[in-house]
Amino acid sequence: MKVYPEYKASGIDWLGEIPSHWRVAPGKWSVNFTYGFPADSRLFSIEKKGLPLIRIRDINSVDTEVYYEGTDYPKEAIIHVGDVLIGMDGDFNIAKWKGQEAILNQRVCKFNGGNGIIKDFIYYLMPLILSDINSTKYATTVKHLSAADLAEMRLPIPSFDEQEKITAYLDNKTAKIDALVAEKQAQVEDLRKYRTSLITETVTRGLNPDTPFRPSYIDGLGDIPEHWNTSKLKYVSEVQTGSTPSTSETKYWEYPNRNWFTPGDFNNFRLYESSRKLSSLAFEETACRIFPKNSVLLVAIGGTLGKVGIVDGECSANQQINAISFNELIYPLFGAYYLSACKSALNQAANASTLPILNQEQTKNFPIVVPPLEEQKEIAEYLDDKTAKIGALIDELNKQLEELALYRKAVISEAVTGKVDVRDWKQED
C-alpha cells in the first residue's frame, strides 16, 4: 500500500505522525457514549425472562448469561445488533453486539456517534486507544476505565468520506483474515477430536484389530479384547488427595524445592513444573503428602474435573487433585492415557448437585481395563508417538493463528492511523 504525500506530528505519543489533512480532537468534543445502568440483581433471571442483560462477560457473545425482568431501565440503555460496546473493567474489550435487543448493564458503555466520526471507524480505532489507556493504568486487582478517561482521550479524525473508505477496506481485509482464522481453528478442533478418539479407541480396543472381543460390563465402555481383565483403581493403585498448607506461613513457601500442582498447572499431559512449589518444612510439619514419580494426577473438582497429567518426579498437589500411584499391574503411562479418555465418565461418577466433586472413594471405585503389562507399554509408546505428531501439527496451526492475529492488528493499525493511504483502494470481485 502507498503512503500519504504529507504527514504532521499528532502530538500523541502512541500515534506518531498522521496525514497532514487529518485532525486530532479530544474525546469530550468528538464522541458520545451511553453508560449502562445499575440493574437490580433481584430482578435477574436465568430462565431467559425479560430482556438479555449485557455485562462485561457478554459483549463478545450472541446471548447473555442472565436476563432482566425489570422495567426501570432508561431507553438509552437499549442495545441493538451492531452497536459498538466497550467493557470498562479488566482488559477494556470492544465488540459489536451480535445478539437480539438487550439492556446495557453498568460498567459497559455504548458508542452513540460523534462529531464527524462514524461507528465502524471508531470500532476499528478504539482498541488502539484503549490499549494505550490500559498501559498507563495502575491497578493491584482489576483495572477500571472511567468516563473521564474517554473524555480525555485524543483521536485522529480523517474526513467522513475517508473514514468510510478506511472501514470498507478493513471490513474486506479482516473478513478474509477472519475466514482463514476460522478455517485453521476448525483444523485445530478436528485434530483435537481425532487425538481424543485415537486415545479412547486404543486404550479400550488395543492395537490388534483382529483380536477377539468380549463385553467389558463397564458402563459406556463396550467390548474389550478377550484377553484383557477389568478392575477398579483401588485394586491397582494407591489413591491420595492433595492438600494446601497455610498460605500465611511463609516458611512453607520461602525455600521451595518440590512441585505443588494445582488445576491451573494442567496445560499439558506431562506435568514438569508447577507455578508454585513447597519447602521441605511443609511436608515435615503439615499433612501435605509427597506423591511418587510417575503418579497420575487427576483434577477432581469443578469445570476442569477429569483433566489428567502424569509427573516425571516426586511432587505434591492441592486438595482439588487426586494422585493415583499405580502398582505393578498397570504401566503408569498407560493408566494416564486411559484416564484421560474417561473424562466424561469421571464427571458422571462425581457428585454434581452444585459443583461437581469426585471424592477419593469415587476415584478408588472407578473401573479400569487391565491388558497384559507388555501390551500396556506398547499401547503407551504407540500413543506417545501418534499424539506427539498430532501435537506438533496443532502447535504449528496455533503459531499460524498467532501470526494472523498480529497481522490483523497491524492491518487495522496502519489504516486507522494513516500509515497507509487506502483512498484509491477498490474491492476486488
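Me: Which helix gives the most to the lining of the second largest pocket?
Reply: Helix H10, with six residues. This is a predicted model.

Me: What other elements supply at least two residues there?
Reply: Besides H10, they are strand S10 (94–96), helix H2 (119–136) and helix H4.

Me: How much space lies in that second largest pocket?
Reply: About 700 Å³. The pocket is lined by 21 residues, and those closest to its centre are Ile 94, Tyr 123, Pro 127, Arg 408 and Ile 412.

Me: And how does its lining divide by class?
Reply: Twelve residues are nonpolar, three are polar and six are charged.

Me: Back to H10. What span should its residues have, and how far apart are its end C-alpha atoms?
Reply: H10 has 44 residues, which should span 64 Å at 1.5 Å a residue. The end C-alpha atoms are 63 Å apart, so the two values agree.

Me: What follows H10?
Reply: Gly 418 does, and its phi is positive, near 80 degrees.

Me: Now H2. What does it reach from its first C-alpha to its last?
Reply: H2 reaches 26 Å with its 18 residues, close to the 26 Å expected at 1.5 Å a residue.

Me: Where does H2 bend?
Reply: At Leu 125, by about 35 degrees. A proline, Pro 127, follows within four residues. Pro 127 is also among the residues closest to the centre of the second largest pocket.

Me: Which residues in H2 are buried?
Reply: Among them are Phe 121, Ile 122, Tyr 124, Met 126 and Leu 128. Leu 125, where the helix bends, is buried too. Further along, the buried residues include Ile 129, Leu 130, Ile 133 and Asn 134.

Me: Changing topic: what volume does the largest pocket have?
Reply: About 1,000 Å³. Its lining has 30 residues, and the closest to the centre are Arg 195, Asn 267, Asn 268, Phe 269 and Val 308.

Me: Which elements give two or more residues to that lining?
Reply: Helix H4 (160–205), strand S19 (270–271), helix H7 (332–340) and helix H10 (373–416). H4 and H10 also each supply at least two residues to the lining of the second largest pocket.

Me: How many of the lining residues of the largest pocket are charged?
Reply: Eleven are charged, with ten nonpolar and nine polar.

Me: What about the chain as a whole: how many helices and strands?
Reply: The protein chain has ten helices and 25 strands. Buried residues make up 45% of its 429 residues.

Me: What is its radius of gyration?
Reply: The chain has 28 Å, whereas a compact globule of 429 residues would have a value near 22 Å. Along the principal axes, the C-alpha atoms fill a box of roughly 80 × 50 × 50 Å.

Me: Is Phe 92 buried or exposed?
Reply: Buried, because its relative accessibility is 3% and the cut-off for buried is under 20%.

Me: What about Lys 48, where is that?
Reply: Lys 48 is in the loop between strand S5 (44–45) and strand S6 (51–54). Its phi is positive as well, near 60 degrees. With 48% relative accessibility, Lys 48 counts as partly exposed.

Methods:
Residues are numbered from 1 along each chain as its sequence is written. This is a predicted model: local features need pLDDT of at least 70, side-chain atom pairs count only at pLDDT 80 or more; totals for chains, interfaces and linings use all residues. Side-chain values use heavy atoms; hydrogens and water are left out. On a 1 Å grid over the protein atoms alone, a cavity is a set of points where a 1.4 Å probe fits but cannot get out, and a pocket is an open set with protein on both sides within 12 Å along at least five of seven lines; lining residues have an atom within 4 Å of a point. Grid points are joined across faces, edges and corners, and a volume is the space filled by probe spheres set on the points. Ala, Val, Leu, Ile, Met, Phe, Trp, Tyr, Cys and Pro count as nonpolar, Asp, Glu, Lys and Arg as charged, and the others, Gly among them, as polar. The expected span of a helix is 1.5 Å times one less than its number of residues. The bend at a residue is the angle between axes fitted to the seven residues ending there and the seven starting there. Buried means under 20% relative accessible area, exposed over 50%, partly exposed in between (1.4 Å probe, protein chains only). The radius of gyration is taken over C-alpha atoms; the globule rule is 2.2 Å times the number of residues to the power 0.38.
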